[in-house]
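Here are some notes for a colleague who is opening this structure for the first time. Please read them with the model on screen.

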Amino acid sequence: MMILFFAAFPVQAQKRIFLPRTGLTPEDIAVIVNDDDPLSRQIAHYYQQARHIPETNMIHLRFASERSVMTPKEFKQLKATIDQLTPDHVQAYAVAWTTPYRVGCMSLTSALAFGFDRKYCAQKCEPTALNPYFNAQSLYPANDYKIRPAMMLAGTSFEQVKALIDRGIASDHSFPKGQAYLLSTSDKARNSRAMSFEKTAHDLVGVFSIQVFETDVLTDRQDILFYFTGLTEVPLLQTLGFLPGALADHLTSTGGMLTDSKQMSSLRWLEAGATASYGTVVEPCSYPQKFPSPLIAMFHYALGASAMEAYWKSVAWPGQGVFIGEPLAKPFAPSLREISPGQFELKIFSPRAGKLRIEESHSAAGPFKLFPPQQAIHRGENLFRFRFNEKTDGYLRLQWN
């Protein structure tokens, strides 16, 4: 798709073209670091530098780290410090450690978001409290829901976490043309999401290439963007190639026990090349609501959300599940670049059809008036090219639904 406006256009005009917000930015993220953990300090420093996180968004704590579980009492004290040190504008957290990953009966990431609250736990096979952020359109969770989603920059070595961070950065605005693999397995207890796979493939036709397989094993694929399955152990991950920005997880009881699970740890996905994953830290039973919905995760990712937002919005009952990965990866965020003096190229990815609205104003404060005609946006990738006359048109605001 192409739209052309023929007019002279100086380089400075790029600052006069406003794109809509689609996801979190580095200014929205606070990084929580444990200064008593040398690896945590190393990860936090690298992430701050790589993602240009403001120094005011760095939250420093001190506590014993060589354990899987933190007590609710200890967490409450740390949470009070975190709340005190978090700038008001911050919307989410990046956690720069791997252990502890659990607070009592909750995951660390959910405890950070909701505070420790037993309504997000389950004594037996029971539902838990609903995530108010589930499938939400909100771009400001702290403002709109008074929660700050969290994701752990997890790994067993600095080299692993550095590679994870680098993959997340490499994915930004990359519009990867990979495959989504949805595996319906022979493990009936862990195959509860499979009932939604055909609907996912149907609803996202034209957005992603989706393959639904009835098999326990995926092997020798080098184009993985999404991989959702249900098994205690996922075989042959070493034969697979994950694209930067890939999301992948397995529905099983204790995949979120990152360092001491008797099942496959969710860390194995990151080590294999995925950019984000998820697993439960205590027995959740086979409720699909306690695990990511592939349809919802993929839909919000396609809107330009970050990996953290897409994953968090896809879990209805996340109290027992931990989110791990590079929070700010945004492979489908819109991209605007100058391809020649005065000529710009805009890439948009969308999970639904819509219209591109181009509005102009002589002032950055508006009022903005519609610049006809509106252009059609198709499902999937869209490309627009345009010229703009700064002297006569002033400012452009681009919007789409």
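1. Start with the lining of the largest cavity. Helix α2 gives the largest share of it, 3 residues. This is a predicted model. Both α2 (72-85) and α3 (108-114) supply at least two lining residues each.

2. Which residues line the largest cavity? They are I32, L61, F63, M70, F75, L78, I82, W97, L108 and L112. The volume of this cavity is about 40 Å³. A search of the whole structure turns up 1 cavity of 30 Å³ or more.

3. Next, look at an open sheet. It has 3 strands, in the order β15-β16-β20, and the pairing is antiparallel. At the edges sit β15 (335-340) and β20 (380-387), each of which pairs on one side only. On average, neighbouring strands of this sheet are turned by 25° against each other, direction ignored.

4. Now zoom in on one strand pair. β15 and β16 (residues 343-350) pair in the antiparallel sense over 5 bridges. For S340, the bridge partner in β16 is Q343.

5. Move on to a single loop residue. S265 lies in the loop between β12 (242-250) and α7 (267-272). Is S265 buried or exposed? S265 has a relative accessible area of 4%, so it is buried.

6. What does the side chain of S265 reach at 2.7 Å? It reaches the backbone oxygen of L258. Leaving aside neighbours within four places in sequence, S265 is in contact with H250, G255, M257 and L258.

Conventions
Residues are numbered from 1 along each chain as its sequence is written. This is a predicted model: local features need pLDDT of at least 70, side-chain atom pairs count only at pLDDT 80 or more; totals for chains, interfaces and linings use all residues. Side-chain values use heavy atoms; hydrogens and water are left out. Two strands pair if DSSP finds at least two bridges between them. Helices (H or I, at least four residues) and strands (E, at least two) are DSSP runs, numbered from the N terminus. Axes are lines fitted to C-alpha atoms, for helices over the stretch in contact, and angles run from 0 to 180 degrees between N-to-C directions. Buried means under 20% relative accessible area, exposed over 50%, partly exposed in between (1.4 Å probe, protein chains only). A polar contact is a pair of N or O atoms within 3.5 Å; within protein, one must be able to donate a hydrogen and the other to accept it, and residues adjacent in sequence count only if both atoms are side-chain atoms. Contact means heavy atoms within 4.5 Å. On a 1 Å grid over the protein atoms alone, a cavity is a set of points where a 1.4 Å probe fits but cannot get out, and a pocket is an open set with protein on both sides within 12 Å along at least five of seven lines; lining residues have an atom within 4 Å of a point. Grid points are joined across faces, edges and corners, and a volume is the space filled by probe spheres set on the points.
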